[in-house]
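Take a look at the structure below.

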Amino acid sequence: MRKHILLPALTLLAGGVGFGLRKWQLASGFEPGAGLPIPNAPAALALMGWSALVAAAMILLCLRYQDPTDLAALDARDNVLFLTAAVLSAFLLLASAAADAMAYPDLKQAAGESASALPAALPALRLALCAGGFLCALLWARQLFREVEKARQSLPLLELCLLGCVWLISDYQVRAAEPVTTNFVYEVLAIVCTLMGLYYLAGYSFQAGKPRRTMVLCLLGVYFSLVTLADGHSLADVCRYAFAILFLGSHSALLLRAAEEEPAVTNDEREETDHE
């Protein structure tokens with residue numbers, strides 16, 4: 001297996017293990033009826049330890065990658081596998097918008113209980129951004145696949161970053177009154193890592209890429225999205241987590257491929273080598 005595929009594949013495997021550990025925690029780590037977490041439950045400790053190990057391993061494995069920092073790192077010309085993953089991730093955002101639209105009356109009623117106008121507007125704003133994110137993800141993927149230079153100072157990823165912000169705020173709105181943080185900690189980690197991964201990916205469009213941070217956060221977004229799928233989310237949230245897995249995973253593979261490739265030798269360098 002190619003090196004740039006190996007690390008994302010290992011992340012998927014690690015996320016699968018985390019998914020199983022989370023299922024174990026949900027089945028045995030909480031008191032029946034009360035729903036309170038059992039102190040020092042083996043499943044909870046195992047998942048925390050495994051997640052810490054995965055995060056440390058990703059950081060260590062990505063430490064050696066420092067280049068490239070420009071938009072060429074995301075060159076996906078003729079990369080059909082990337083295009084397929086990116087297009088599927090775009091349609092997952094569209095599916096999440098449709099699922100939110102079907103559940104909108106209930107979402108609006110739950111949000112409307114707040115005295116503030118912003119929480120009441122969040123479901124509609126998230127729905128609109130998911131629908132817009134479908135077009136933005138398609139446009140971004142097309143730019144990288146056809147001619148990467150067209151993605152310079154491009155706005156589609158900024159829209160996806162805004163979606164991540166609204167998603168995080170709306171999730172906090174629902175979970176703010178929840179006293180048991182272990183019920184939602186992994187979904188918050190998934191959304192935060194997804195948002196930060198999108199943020200650092202957007203940096204490449206403005207020639208300010210940070211390879212190590214971007215790779216680590218994209219891979220962590222994939223890992224925690226897989227883990228939190230065990231929590232039993234709404235269809236819209238499941239589609240958004242699946243979007244994060246495909247979108248961030250495919251971009252991390254692009255970055256790893258660019259970092260692994262040896263720089264091309266120019267004619268001047270060849271002549272200098274011949275004269276030595």
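The model is predicted: local features need pLDDT of at least 70, side-chain atom pairs count only at pLDDT 80 or more, and totals for chains, interfaces and linings use all residues. Residues are numbered from 1 along each chain as its sequence is written, and side-chain values use heavy atoms, with hydrogens and water left out.

**The cavity**

Searching the whole structure turns up one cavity of 30 Å³ or more. On a 1 Å grid over the protein atoms alone, a cavity is a set of points where a 1.4 Å probe fits but cannot get out; lining residues have an atom within 4 Å of a point. The largest cavity holds about 30 Å³ of space, the volume being what probe spheres set on the points fill. Its lining includes Trp 167, Thr 194 and Phe 243. Helix H6 gives the largest share, four residues. Helices are DSSP runs (H or I, at least four residues), numbered from the N terminus.

| Class in the lining of the largest cavity | Residues |
|---|---|
| Nonpolar | five residues |
| Polar | two residues |
| Charged | no residues |

Gly counts as polar here, Leu as nonpolar.

**Leu 157**

Leu 157 sits in helix H6. Its relative accessibility is 1%, so Leu 157 counts as buried. Among the residues that Leu 157 touches are Trp 140, Leu 198 and Phe 247, leaving aside residues up to four places away in sequence. Contact means heavy atoms within 4.5 Å.

Terms used. 1 Å grid on protein atoms, 1.4 Å probe; cavity = no way out; pocket = protein on both sides within 12 Å on 5 of 7 lines; lining within 4 Å. Helix = DSSP H or I, 4+ residues; strand = E, 2+ residues; numbered from the N terminus. Buried < 20%, exposed > 50% of the residue type's maximum accessible area, 1.4 Å probe, protein only.
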